[in-house]
Amino acid sequence: MKYQFLALITIVLLMSGCTETMVVIPELTNECTEKVILIEELTGVSCPNCPKGTEAVDDILALFPGSVVVVGIHGDFLSEPKSDSKYDFRSEQAKAVEDFLKPWLGKPTATVDRFPFPDLPEGDISLINTSQWLSRVEQRCQTPQSLDIQIGTDYDEETRQATITVTTTGMVPLEGELRMNLFITESHLIDPQDAGGLGQGIIADYEHNHVLKDMLSELTGDFLVSDLSINQEVVKTYTYEMPAENNGEWLIENMEVVAFVTEGGQTRGPVLHAALAHLD
Amino acid sequence: MKLINPILVALVFLLFSTQIVSQEAQQDKGSFTGGFQNSSNFFIRDSLIGAFDIPQYDYQHFGAQSWLDLGYTRSGFDIGVRFDVFNNSNLRNPNQSYTANGIGRWHIGKSTDKFDIRAGYIYDQIGSGIIYRAYEERALLIDNALKGVRLTYKINDNWNARVFAGQQRNLFTNYEPNMRGAVLEGYVDLTSEKEGSKLFTLAPGIGLIGKTLDDGTMASIVDIVKTYLDEDRFKPTHNTYSGSFYNTLTFGPISFYTEAAIKTAEAFNDPLALKTNRDGTTSPGKMVREAGSVYYGSLSYAGNGLGVTLEAKRTENFEFRVDPNLQLIEGLINFIPPMNRQNTYRLTARYSPATQLLSEQAYQADVKYRWNKKLTTSANFSYITDLDGNKLFQETYTEIIYKHNRKWQIKGGLQLVDYNQEVYEQKTGVPIVETVTPYVDFLYKLSRKKSIRTEFQFLAIGDDEKAGFKQDYGDWLFGLVEFSIAPHWSFGVSDMYNITPGKLSPTDPDSGEKLALHYPRIDIYYTYKANRFSLSYIKQVEGIVCNGGICRLEPAFSGFNFTASSSF
């Protein structure tokens, strides 16, 4: 019997943790530098949990006004329209971006500045856990601004053609080839969304925002400049002919331009700075 | 209180035992064992059935995974190593390609009269696995061996204790959190001398598991919790403890297994817990910190041709992972037994429930009666709900087996299933899937070596009135013919035909009509001694693949599959 008793004592000793020092939960801070962060939200109309991602994004936009730009990528996975959808948000460009950001496990997933956070597996920049998006933005928003992007637009209502001028200005010396990315997005599109993850079934009048509609740059970005010095300005001009308005889609007042520049010598990311402007 | 370092203890015993057995080693020549397993897929794109849009279909065309095990035992020493190879494999994630190779597992152990000491990657289980199970399930690429040390001490003929510590394997690395455990198991014969032996016995056990989060994992939890409003915040702890008491009581033909497990409060993701948003609204899904419990019992009787098993289980907040940020089948520390029949026929296995870790209450009854040498009948009933009483799964399964003079055998029955697809597959707004599946399996021996076996199954599914279609993929018809020439060859041809397409069946891009597609399969098997090879052409519809209640959604497959397995 003494052996059983000894074994029990051993078990108790091995398992004993006594009390542990409690972890302090710091307050969330939204005091950021002037840098603007890019969130690419991989989402889809047939993705039941994606509204949770959109809620997380809305939370971030409310907490970090002016510091975050969002693009909703409705690529291919879980993106097929519902039977009563008016629109199909899928496009070749969105699918290309969705593939470009792989690997990712499922949706909703987001990238924050396409930044490879140290705890992610090598080569992975996607964040599957929506609960982490906000704190990752908090981390990135402490990064000093290294360049500035100003977007100018000139829209001709008759031809539906927009001329987009993007001016990049160096704020610190940057080495390596910089690349410019330019996306066209549309917001305030009311259409069904699978919201099973919220326990709400299909929401018929769901508001889809920041939907990627077109990509004016190459997938890996367009060459901007080899090196960028302080106060050096680089101007790039794009033209975009917007498709005709169709059933509430392609409304100029809902269209936006998103521009972002990736780190020197990198074709995917991380993103140094992003900017947003209305197309009209 | 300072923790005893189990690694130090193990090393001391290892040194001690090495010295005392060196003489024994001279007399024992030892034995060398091994095993090889390979599965290679040749992918043929078929966008109609959804077999496309992953690198293997788009441009890689080939993917494979292989394992080579080698082991050597001598005089109580036991060493082993396993080499794992993944070449553009879709096993880790069915939608992605994974390439890696290296030593997937190694171990070294030594047994003496009283001790067994082991280091490396160790498989183990406490009780039925509710608080701890380290095991390998290659079909789902589960291998959560403990990378660490274990010391087992044989107290006497009936009692033993073991302690272990380490980290959980994660493919070719390991997860950072630390684990440790202790088990005491025994055997007590309460039979009186007058009654003989082993009439009334007990096999009690107690196990404990401790888990300590590393700083990185804790930082990731803090990162999440700090984004919550005050009403949702909690203070996470580094340490979680889980304990289980279990016992098998045997009284003649009756066996009664019970297990009660509890877990101290820890952080985990609860997809149904309501999180308060900054605009005042709430939405489901947040990290919470709760304690958990599982109660499980199994009562069985076997005698006079009758076998009866009754089971019940209640699970509450028992998501137990090395890292709460992991999902699906990643990082699971434990294994909660499933409470439904483990079916093997293609259509009767189509809707299988994954064990729910946060909220489940389940019952199962299984009765088998052997009327005579020719006739056996069995029935199984299982019923699973969540803790609020919402139905998740119900199955009624009947089977009759008739054997006629060793010449032929017929097996048949009926299965009725209700399956909550919204919970198990996160498919929104779908009604509970209802199926009725009659099946028959006929085996005829043409000669001493040659036999032919056929299977026919029909799965009739309910209507999705809202969608205006049959539920899910609709009705299925399955037929198989298998011709075997013992002991080497076996040939099989089967087809799964979507006889009445359902809501999710592929649509003709031109007409918009749902397509009634065939999913054929042709297999050739060759067995030589302990070696087995197969070559198959497969067209397979998307479906749930389960092994013991651990399930995942497998996408459609189109192509060839080659397998080889060998043991020596």
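Trainee: In the hairpin of strand 11 of chain B and strand 12 of chain B, which residue takes a positive phi?

Mentor: B:Leu171, with a phi near 55 degrees. Two residues lie between the strands of that hairpin. Before we go on, this is a predicted model: local features need pLDDT of at least 70, side-chain atom pairs count only at pLDDT 80 or more, and totals for chains, interfaces and linings use all residues. Residues are numbered from 1 along each chain as its sequence is written, while chains are lettered from A and ligands numbered from 1 in the order in which they are written.

Trainee: How many bridges join strand 11 to strand 12 in chain B?

Mentor: Ten, and the two strands run antiparallel. Strand 11 covers residues 160–170 and strand 12 covers residues 173–185. B:Asn160 stands opposite B:Glu185 of strand 12. Strands here are DSSP runs of E, at least two residues; helices are runs of H or I, at least four; both are numbered from the N terminus. Two strands pair if DSSP finds at least two bridges between them.

Trainee: And which way do strand 12 and strand 14 of chain B run, parallel or antiparallel?

Mentor: Antiparallel, with eight bridges. Strand 14 is residues 200–212. In that strand, B:Lys211 stands opposite B:Met179.

Trainee: Switching topic. What does chain B touch in chain A, and how many residues take part?

Mentor: The contact takes 43 residues from chain B and 40 residues from chain A. Contact means that C-beta atoms, placed from the backbone, lie within 7 Å.

Trainee: Which element of chain B gives the most to that side?

Mentor: Helix 4 of chain B, with seven residues. By class, the side of chain B that touches chain A has 18 nonpolar, 17 polar and eight charged residues. For the classes, Ala, Val, Leu, Ile, Met, Phe, Trp, Tyr, Cys and Pro count as nonpolar, Asp, Glu, Lys and Arg as charged, and the others, Gly among them, as polar.

Trainee: Which residues of helix 4 of chain B are buried?

Mentor: B:Thr217, B:Ser220, B:Ile221, B:Asp223, B:Ile224 and B:Val225. Buried means 20 or more other C-beta atoms within 10 Å of a residue's own; exposed is 12 or fewer, and partly exposed is in between; C-beta atoms are placed from the backbone.

Trainee: What covers them?

Mentor: The cover includes helix 4 (133–140) of chain A, plus strand 12, strand 16 (254–276) and strand 17 of chain B.

Trainee: Now zoom out. How is chain B divided?

Mentor: Into domain 1 (112–337) and domain 2 (341–516). Those bounds come from an automatic or database domain assignment. The domain centres, taken over C-alpha atoms, are 31 Å apart. In contact are 17 residues of domain 1 and 17 residues of domain 2. On the domain 1 side, strand 18 (residues 306–316) of chain B gives the largest share, eleven residues.

Trainee: How many helices and strands does chain B have?

Mentor: Five helices and 33 strands. Its radius of gyration is 26 Å, close to the 24 Å that the globule rule gives for 568 residues, so chain B is as compact as a globular protein of that length. That radius is taken over C-alpha atoms, and the rule is 2.2 Å times the number of residues to the power 0.38.

Trainee: What share of chain B is buried?

Mentor: 33% of the 568 residues.

Methods:
Two residues are in contact if their C-beta atoms, placed from the backbone, lie within 7 Å.
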